[in-house]
Amino acid sequence: MEYINAIGRRKSAVARVYLKEGTGKIVINKRDLEDYFPSAILQYVVKQPLELLDVAGKYDIKVNLDGGGFTGQSQALRLAIARALVKINAEDKKTLKSQGFLTRDSRTVERKKPGRPKARARFQFSKR
């Protein structure tokens, strides 16, 4: 089996995933999953689609992650893995979609407006 690739995005993070049959090793930017995401919560988020379909030890995953912070990167990676799993087996789509793993979270940071300190905040009003 050759590589199956997919892309996932969240905030400003972009995850490019290359998935092939193997032993369940996840390599992110040439580093192991545990090294890249030391937090157990973020590791759990990344592995959610694999655990849901019981294929955690079945595929080797190579990832290029770019942009954003840890949370955005982990959620972008989750989306990319879910999309790659659907490419492999289309019957899994319903299960993954019901858990919300195939939905792209489109929320991004609102731009800063001129004449204000932040996007929505105003400077303190002084009557005198």
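1. Secondary structure. In this predicted model, the protein chain contains 4 helices and 5 strands. Their order along the sequence is β-β-β-β-α-α-β-α-α. The radius of gyration is 18 Å, well over the 14 Å that the globule rule gives for 128 residues, so the protein chain is more spread out than a compact globule.

2. Overall dimensions and surface. The C-alpha trace of the protein chain spans about 70 × 30 × 25 Å along its principal axes. The accessible surface of the protein chain amounts to about 8,400 Å², and carbon and sulfur atoms account for 49% of that surface. Of the 128 residues, 36% count as buried.

3. Contacts along the sequence. Contacts between residues at least 6 apart in sequence were examined for the protein chain; 67% of them join residues at least 24 apart.

4. Charge. The protein chain carries 28 positive and 13 negative side chains. The centres of these two sets are 17 Å apart.

5. The nonpolar core. Which residues touch the most other members of the largest nonpolar core? They are Val-17, Ile-28, Phe-37, Leu-77 and Leu-85, in a core of 31 residues. Two or more residues of this core are given by each of strand S1 (4-10), strand S2 (13-21), strand S3 (26-28), helix H1 (33-36), helix H2 (40-52), strand S5 (59-66) and helix H3 (70-88). The largest share comes from H3, with 8 residues. In soluble globular proteins, nonpolar side chains tend to be buried together.

6. Leu-77. With neighbours within four places in sequence left aside, Leu-77 is in contact with Ala-15, Val-17, Ile-28, Phe-37, Val-46 and Val-63. Among these partners, Val-17, Ile-28 and Phe-37 are also listed with Leu-77 as residues that touch the most other core members.

7. Ala-13. This residue lies in strand S2. Is Ala-13 buried or exposed? Ala-13 is buried, because its relative accessible area is 0%, and the limit for burial is under 20%. Not counting residues up to four places away in sequence, Ala-13 touches Gly-8, Asp-66, Gly-67, Gly-68, Gly-72, Gln-73 and Ala-76.

8. Tyr-18. Strand S2 also holds Tyr-18. Tyr-18 is partly exposed, with a relative accessible area of 27%. Leaving aside neighbours within four places in sequence, Tyr-18 is in contact with Tyr-3, Ile-4, Asn-5, Asp-60, Ile-61, Lys-62 and Asn-64. The C-alpha atoms of Tyr-18 and Ala-84 are separated by 8.0 Å, although the two residues are 66 residues apart along the chain.

9. The loop between S3 and S4. Asn-29 lies in this loop, and Lys-30 is found in the loop between S3 and strand S4 (31-32) as well. How do the two residues stand in terms of accessibility? Asn-29 counts as partly exposed at 29% relative accessibility, whereas Lys-30 is exposed, with a relative accessible area of 82%. The C-alpha atoms of Lys-30 and Asn-64 are separated by 8.4 Å, and these residues are 34 residues apart along the chain.

10. Most residues other than glycine have a negative phi. Phi of Asn-29 is near 50°, a positive value in a residue other than glycine. Lys-30 likewise has a positive phi, of about 65°, although Lys-30 is not a glycine.

Technical notes:
Residues numbered from 1 in each chain as written. Predicted model: local features only at pLDDT ≥ 70, side-chain atom pairs only at ≥ 80, totals over all residues. Heavy atoms only, no water. Rg over C-alpha atoms; globule rule 2.2 N^0.38 Å. Buried < 20%, exposed > 50% of the residue type's maximum accessible area, 1.4 Å probe, protein only. Contact = heavy atoms within 4.5 Å. Areas by Shrake-Rupley, 256 points an atom, 1.4 Å probe, with all protein chains shown as cover. Lys, Arg positive; Asp, Glu negative; His and termini not counted. Charge placed at Lys NZ, Arg CZ, Asp CG, Glu CD. Core = buried A, V, L, I, M, F, W, Y, C linked by side-chain atoms within 4.5 Å.
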